[in-house]
Amino acid sequence: MIPVRGFEGKTVAVFGLARTGLAAARALAAGHAQVVVWDEKPAARDAAKAEGFAVEDLAAADWSDFAALVLSPGVPLTHPAPHWTVERAREAAVPIMGDIELFARTVAAAPAHKRPKIVAITGTNGKSTTTALIGHVCRQAGRDVRIGGNIGVGVLGLDDMHGGAVYVLELSSYQLDLTSSLKPDVAIILNISPDHLERHGDMDGYVAAKRRILLNQGKGDTAIVGVDDPWSAHIVTEITAANRRTIVPISARRSLGRGVYALQGMLYDATGERVVEIADLTRAVSLPGRHNWQNAAAAYAAARALGLSEHAAAQGLMTFPGLAHRMETVGAIGKVRFVNDSKATNADAARQALSSYPKVYWIAGGQPKAGGIESLGDLFGAVVKAYLIGEAEAEFAATLEGRAPYARCGTMAAAVRAAFADARASGEEAIVLLSPACASFDQFADFEDRGEAFRAAVHELAVPATSQARA
């Protein structure tokens with residue numbers, strides 16, 4: 001745990017007691033703040049009370065006592081409307097922040113020789129893979145690495161800092177909205193495409209949230225930014241003109257006069273006086289597809305910014321074991337392979353998986369995002385059949401009508417059974433791909449829960465298949 005500094009003896013309100021909220025409450029208490037917590041879910045309040053926290057209904061609290069409101073990133077700050085706790089905090093002039101801001105302030109309060117290196121990663125797609133990949137590369141090179149933020153452990157639940165540590169943090173747009181003083185040594189914006197617009201008002205609001213990762217960088221810091229989409233490319237142009245930091249553009253679509261790029265799977269470093277061939281990513285079994293080549297370019301550039309050699313960075317890329325729920329093979333029965341891409345919560349993320357295979361039996365659906373799967377129309381020819389689940393079932397069926405075969409299955413288990421039956425009947429090598437292009441909250445707690453449901457449904461198929469083979 002990282003004890004939070006700067007609130008000693010002060011009262012801090014924490015609203016939202018899921019993973020990051022509870023970690024923040026513990027870290028504040030460890031830093032000798034007086035912590036008051038609240039959640040609208042009784043079970044969450046009971047869990048906090050069992051840990052000894054003061055549970056108080058913030059709707060009835062005296063807000064003049066609070067030095068800060070620590071807000072869960074899932075709680076609306078501005079759109080579609082500010083949460084009532086946000087309005088109360090603003091009325092009382094109470095600063096609003098998230099757990100990443102508490103971390104940033106604690107780092108800033110530490111003596112210079114005790115401050116860790118910070119690598120912060122954001123983007124619409126690829127954040128989790130890139131975060132895990134950078135952590136793996138650094139760990140393989142002998143660095144003391146802590147991975148967290150929007151992946152795995154909340155940042156304040158990670159081991160306490162020291163000068164030799166490297167914190168590799170995935171940051172969502174929601175977390176960045178609640179962060180004002182973070183100064184990452186390496187900041188990464190992988191890509192930007194429309195997502196979460198209901199929480200940011202419009203595309204300008206979403207891009208502005210992503211840009212906050214660069215807010216406090218200066219001389220000696222490194223910004224690594226993709227140039228394969230117009231929004232990210234524009235950011236590169238703007239920060240290059242500002243000339244405040246080292247800038248490394250990255251691409252998986254074209255060669256760059258300066259930066260790191262991948263072409264047809266070969267990774268190149270063009271940051272020096274000559275272009276250097278770094279690694280053949282087609283041999284990195286856990287990094288298939290162009291989207292993963294962009295992730296690899298970012299990870300390589302980050303490793304080099306942290307002082308790793310070309311060889312160490314490349315070696316780390318090639319030994320990466322992969323990430324759960326992101327194009328993860330969870331099993332195979334005969335000629336049928338099952339791929340879990342539950343992390344694909346929007347159409348652009350699903351595009352990356354769909355374009356990696358020549359033919360798929362596609363499980364899609366959930367809580368739909370704006371635009372649905374219409375933007376994937378050019379890939380429908382690779383869909384042997386789609387198996388639709390969740391709230392998006394009817395909408396996706398209408399989009400697919402006359403363009404690709406589909407079945408309305410309703411549940412994950414039914415979709416997996418139907419997809420397997422059709423794939424096996426083909427008699428060919430086949431991929432059953434869960435890549436939902438949707439949020440998960442209609443049927444599951446989160447995308448991990450959805451991915452585990454897929455894994456369990458595959459296991460249910462495999463158990464009788466194994467039993468029959470032994471009989």
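**A closer look at helix 5**

Author: The buried residues of helix 5 are Lys-127, Ser-128, Thr-129, Thr-130, Thr-131, Ala-132, Leu-133, Ile-134, Gly-135, His-136, Val-137 and Cys-138 (buried: under 20% relative accessible area with a 1.4 Å probe, protein chains only). Keep in mind that this is a predicted model, where local features need pLDDT of at least 70 and side-chain atom pairs need 80 or more, while totals for chains, interfaces and linings use all residues. Residues are numbered from 1 along each chain as its sequence is written, and side-chain values use heavy atoms, without hydrogens or water.

Helix 5 covers residues 127-140 (a helix is a DSSP run of H or I, at least four residues, numbered from the N terminus). With 12 of its 14 residues buried, helix 5 is mostly covered. From first C-alpha to last, helix 5 reaches 20 Å, close to the 20 Å expected at 1.5 Å a residue (1.5 Å times one less than the number of residues). After helix 5 comes Gly-142, whose positive phi is near 90°.

Now for the rings. The structure holds 5 aromatic pairs (ring centres within 6.5 Å; planes under 30 degrees apart are stacked, over 60 edge-to-face, the rest tilted). One of them joins Trp-63 and Phe-66 edge-to-face, with 5.2 Å between centres and 80° between planes. Trp-63 is buried, at a relative accessible area of 3%, and Phe-66 is buried too, at 9%. Tyr-261 and Tyr-268 form a stacked pair, because their ring centres are 5.2 Å apart and their planes lie at 25°. Tyr-261 is also buried, with a relative accessible area of 7%.

Last, an open space: the second largest pocket is lined by 30 residues, and those closest to its centre are Ser-193, Ala-347, Asp-348, Arg-351 and Gln-352 (a pocket is an open set of points on a 1 Å grid where a 1.4 Å probe fits, with protein on both sides within 12 Å along at least five of seven lines; lining residues have an atom within 4 Å of a point). Helix 7 (197-200), helix 9 (230-242), helix 10 (290-305) and helix 12 (347-354) each supply at least two residues of this lining. Helix 12 gives the most, with 4 residues.

Note on methods: Phe/Tyr/Trp six-rings, centres within 6.5 Å; stacked < 30°, edge-to-face > 60°. Buried < 20%, exposed > 50% of the residue type's maximum accessible area, 1.4 Å probe, protein only.
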